[in-house]
Amino acid sequence: MAKRISRGIFLFYLLFLLLPVLWLVWNSVTSADNTWVESEQASLFKYLPAFTFNQFQALFQDRHFLQQYANSLKISSLSLLVQIPVAVVAGFFLSSWKSRFSTRIVTIYFIMLLLPFQAIMLPVYQLSLATKTYNTHTALILFNAFTPLGTAAMYLLFGTIEKEHLEAALLETSSSVKLLYYVLLPQIRTGLAAIAVLLFVDTWNQVEQPLMLLSDSRLMPLSLTLNDIYSVSDGKTFAGALSYSLPIIILHIIFLISILNKKKSSRINVHVLYNH
Amino acid sequence: MKLYMRLIKPLLIICSLLLVATSAKSETYVKSKNRMMYAVSNSYIWTVGEDGKTYYYDSQKVKTMAPDISDAKRVSAYSNSLYCVTQQGEILIVTAGSEEATHYPITADLDIRQIEAADGILYILAAEQGSTGFQVYAADPYGIRFYFPLSIDGWENSNISSIAYYNGYLCAYSSENGNLALISFLEDTNGKLVYPTVTVDDLQYVQVGETAGDIIHIYALNDPSKQIQLWDINALTGEKISAGLPFPENAMGLRRNSNALFVLSNEGKELYEIPIHTQNESRTLTLKNFIGEVSSPDPRLKIAMELFYQKYPDVELVSDFITDVRVLSAGVMAGAPGYDVITVQENWTNIPSILMFKAGALENLYDYECVKEKADKISDIITPLVIDGQLVSVPNTIIPFTWSIDTELEQRLDISVPRDGWSWDMFFDLAAKIKEYNETNKTNYYLIHDNQDVLPYFLKMYNDNYVDAYNGTAAYNSEEFVRLLEKWVEICKDNLVLFRTDDGSNNALLHVKRLPYEETREDITLLLPPVFEEGNRYPARIASICLNSNSPMKEEGAYFLSCWISEEALSSYVTISNNGYLLNSAAVSSNALEGNQGVWQYMLKHTVNDYYIGDLYKDQWQTLYPQLINGKITPLQYAQTCQRRAEMVLGE
Amino acid sequence: MKGKAADALSGVRKKASVIGLPFIVIFLGIYVMPMAASLLYSMQDNRFSKSFVGIKNYLNIWQNRLFLHALSNTFIISMICVIASMLTAVLICFCFECKGIKANSILALLVLPMMLPSIAVTTIWKAVFQTSSFTGRQEGIFALTLLFLWKYSGTAIVLLYLGLRNIPEEIREAAQIDGAGAVRIYLQISIPIIKMHISLALVVLLMFALRLYKESYLLFGEYPDESLYMIQHYMSNHFIRMNSQNVSVASVSFIAISLTLYYLLSRAGSLRLNRKV
């Protein structure tokens, strides 16, 4: 009985989640004439659908679109590559260092995490001008690399590790790298994967940051065209939205499944330390 | 995970290096893996790599990618363009910000050794096929369709080995006989020797130098047989002394902008910057969102630029465009380079000039004597640009929404429409007459055809006259407005208003048009629109130019604005809309309403700026007005909602 | 902690600080330094004359009715969104616990809405709810919360689920033997165990809730109904109008309020960030 109810609830939730996505897919493969999107009285379906892949074809022949796509991939993946080690090390440091000062630093991380970007938009722009990194991907990647989200999330994740496990491990080794790598990280592996996804999506969907730090349209990521409040919905929007999301979703599906299907290793294998 | 652990150390090093690299000052301007070529203008430094990768750097050294140029042979830059002669015998012109280069095949049969770009001209050091001596030619940059050797009295144009062009001066050196000449194109476009040629031995590269005590100097590098040094040569006497500037050991080429000299390392992989200590650092004045381009100026801009360069020959004017309002705000607030003089088009710019002025972002132009003097001459037409007694901007174009009348129809309907001094009540009285005529004669005449904007003229006029964005007040709550709005809704219901459509315009008595001055033809009859009360002004589309308070070049910017509204510039003929009217209308002293031009000029002197104030007006045309006409809300509700919205938007 | 382990820990800490501290310093440079600049701007009359006016801006802006509205709306709407998502996440995770669904295979699906660009998605909401700047309080908050639920509740589910699957089966079995029902085991045993994951999910949700501006803008425009007007609207509108002092005052106020709330909550102990390492 409980199983049935829970299944019912979940299916309902799934439907809620999927309906808009299906609508998006539908729109991306039907007639490209979507001028009604911006009309005063928006409605869901106004025309008889005619299936077409013209919108996708048009997108992938657009050099500008491809260039921006490549920029998005470059910025997001390079940012992630730096974000993870920064977050792991800083998070580990903050969670292992007990003092009033560290508590304050953690508070700053959390406050900065919640603060809207508009609050520091102007000073960040000025900083990039002053350091002469304005209009470079480096500025954007550097800015993202130290995002408070990564460190704050890692700080919380390290908090989930059981004290006893840590003590047992500490009796065997005093190498911090070994401790981090063989004892701590395996325990939070799944959490780390989830945070990696969050960080990636966070960068992938950024609008204001590239807007402020880049001026050359050839350096801009795709989110600026597809995700900004001033973008205009036209025939290509839906196809764009899908093309923009699908590869990333596929990547994440592969990533998540591979992480989750690995044997659980939340138990610490202290003996593993002897071998290293 | 292992990968990440291994990456931590190198990443740390990279991060710290990045920080060091961005903070440390170095003589090296650009370092590249490949050999490169470079070109310098006052606006940008360009580098073209062996692999074709082309970049340009602005005065803040911000690097931007330009379209690739493969097989570049000779390069030179002027203003915001790079000119490049390729191995394939083409001239490529790349403009900063453009996505592609323009190609021009070279038709001339020349062996080109060096090019120097100037305003619309290329100076070429070349030898005609077959001859051995190199001469200096003047040519057009669009494929060298025509060219001729420079012929200047007192100078022998033969066996030249190096040339350089900067700010209207060309210097040419012949290593064969040591002749060094300095030619000026400032007064005579054919060129004139500034001083008689002097003889200086063992030079390789020359460049126009600074003026010291009225005498122009020349920078030069000696030939590589000795240790390379930077020399400062008095162009009058030929006296050669060390320039006393820090200088790298291996160097070739010698180019400059207003701030620095640039030389390339021997391997061609490192570009050095040698700062020249002149009075100012940034010498580029940017016209932001300017309507028109500095690189291809219309007559008005051309004259304004000429006037400007007479006073500031060392400041370069550039224009560029930015559409995102957030970037514009950030740039203006930060005082970032490139936000000096800003053009506002009030009907679509998301931030109207009045709010920029309120924020303190704009200079009061009356504080600048040069602008005040010019502005006073057109004082009665720039009233909409004056807020609180301060001049916020100078006009680009001012075009009022004019009314015209179909006189034939007026006769047929047997009514007489006042040509001026009438009120909206009188306007609505006309409606009753037409309604009656339509009913008796089974006709379908409209009182007014209004398709010039998203809101009808009636509401536009009220918005523009009774919303004060500067003081943050609005007056939609007045009983008078609600009463008139009721009448307006009534005539709309009676089908007497043809709104936002072009059909059947022949059936309307009155027409609203945004008519440029030169289109005040004789076959139409203009009249003054009705008013809510005496003293109302007429809505107009205004594009104007203002000056950023944070700009480091305020004096220069103000001077440009004064050139922009100078008599010379205003009276020039511009094809899109004749700017002469600004001057002519101002000159007409009487308020006579004779003929179409008289009406037009009267309106011009009584305009109000049609500011677009964010969501306030968008709500009106997108939601409220359709609801009002469809009877979903009453005029009173309309007025109350508008007032509430206005208080929110203006009182934020 | 026992002696040897404590020594080892301090050694490890030292090493961690060698590499951890520079990262924190860079973070402070990139994020906190601009915030300090913002604090300075909040005490200048504007970014142009740059004259120091002390707390005058604060006094003015704290009297602005709209600003106060914005603060309370931000708080209310964020809370509604976060609580609704959290409850959904707890409910759905309970469904997972009942073993009726293979959760692993659909986890990726749950984060999918987060990846779709807002501009495309809000089109649907606009069509269904017919939103405009005149949408009233209840419909507005309903549409916005639903959008938030759709977009981010999946993320909360994933974060909670990752915690739940690490709970050893023996604990639940032991509770079952003691006669506890599924709901009781879930609420009284499983949920308290994963409180760190819950904090993480709460923080992430709160972060997203405070970034709801883009969606709100697309649904209701620059100036929505007063009851939907949030602090981000205030900041964005003033940024565009070049009033950096207003943006700065708003952000400093936001920080001050967050700190006060954080302090009060951590005193109450409900959100204390326990450190176990």
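In this predicted model, B:Glu410 is buried, with a relative accessible area of 9%, where buried means under 20% relative accessible area, exposed means over 50%, and partly exposed lies in between (1.4 Å probe, protein chains only). The place of B:Glu410 is helix H6 of chain B, residues 407-413, and helices (H or I, at least four residues) and strands (E, at least two) are DSSP runs, numbered from the N terminus. Not counting residues up to four places away in sequence, B:Glu410 touches B:Ile405, B:Ile415, B:Ser416, B:Val417, B:Arg419 and B:Leu509, contact being taken as heavy atoms within 4.5 Å.

Residues are numbered from 1 along each chain as its sequence is written, while chains are lettered from A and ligands numbered from 1 in the order in which they are written. Because the model is predicted, local features need pLDDT of at least 70 and side-chain atom pairs count only at pLDDT 80 or more, whereas totals for chains, interfaces and linings use all residues, and side-chain values use heavy atoms, with hydrogens and water left out.

Most residues other than glycine have a negative phi. B:Asp414 has a positive phi of about 60° although it is not a glycine, and this residue is found in the loop between H6 and helix H7 (424-441) of chain B. With 69% relative accessibility, B:Asp414 counts as exposed. B:Ile144 also has a positive phi, near 50°, and is a residue other than glycine; its place is the loop between strand E12 (135-139) and strand E13 (147-149) of chain B. B:Ile144 is buried, its relative accessible area being 1%.

Helix H3 of chain B, which spans residues 325-334, is mostly covered, since nine of its 10 residues are buried. Among those buried residues are B:Val325, B:Arg326, B:Leu328 and B:Met333. Just after this helix, B:Gly335 takes a positive phi of about 65°.

A covered helix can be found in chain C too. In helix H11 of chain C (residues 213-220), eight of its eight residues are buried, including C:Tyr213, C:Lys214, C:Glu215 and C:Phe220. What do the buried residues of H11(C) pack against? They pack against helix H5 (118-130) of chain A, together with helix H6 (118-129), helix H7 (137-164) and helix H12 (231-240) of chain C. H11(C) is followed by C:Gly221, whose phi is positive, near 85°.

The size of an interface is often given as the accessible area lost when the parts come together. Between chain C and chain A the buried area, which is the accessible area (1.4 Å probe) that two parts lose on being put together, summed over both, is about 10100 Å², and carbon and sulfur atoms give 76% of it. Here 107 residues of chain C are in contact with 113 residues of chain A. The rule finds one salt bridge across this interface, a salt bridge being a side-chain nitrogen of Lys or Arg within 4 Å of a carboxyl oxygen of Asp or Glu. C:Arg211 forms a salt bridge with A:Asp202, and the closest N and O atoms are 2.8 Å apart. Helix H1 of chain C (residues 3-41) gives the most to the side of chain C that touches chain A, with 27 residues.

Between chain C and chain B, 29 residues of chain C are in contact with 28 residues of chain B. H1 and H12 of chain C are the elements that give two or more residues to the side of chain C that touches chain B, and H12(C) gives the most, with six residues.

Finally, chain C carries a nonpolar surface patch of about 610 Å², made by C:Trp62, C:Leu68, C:Phe75, C:Ile76, C:Ile80, C:Ile257, C:Leu261 and C:Leu265. Patches are made of residues with over 30% relative accessible area and no salt bridge, like charges being joined within 9 Å and nonpolar side chains (Val, Leu, Ile, Met, Phe, Trp, Tyr) within 5 Å, and accessible areas come from the Shrake-Rupley method with a 1.4 Å probe, where for residues only the protein chains shown count as cover. Helix H3 (65-97) and helix H13 (244-268) of chain C each supply at least two residues of the patch, and H3(C) gives the most, with four residues. C:Ile257 lies in helix H13 of chain C and, at 31% relative accessibility, counts as partly exposed.
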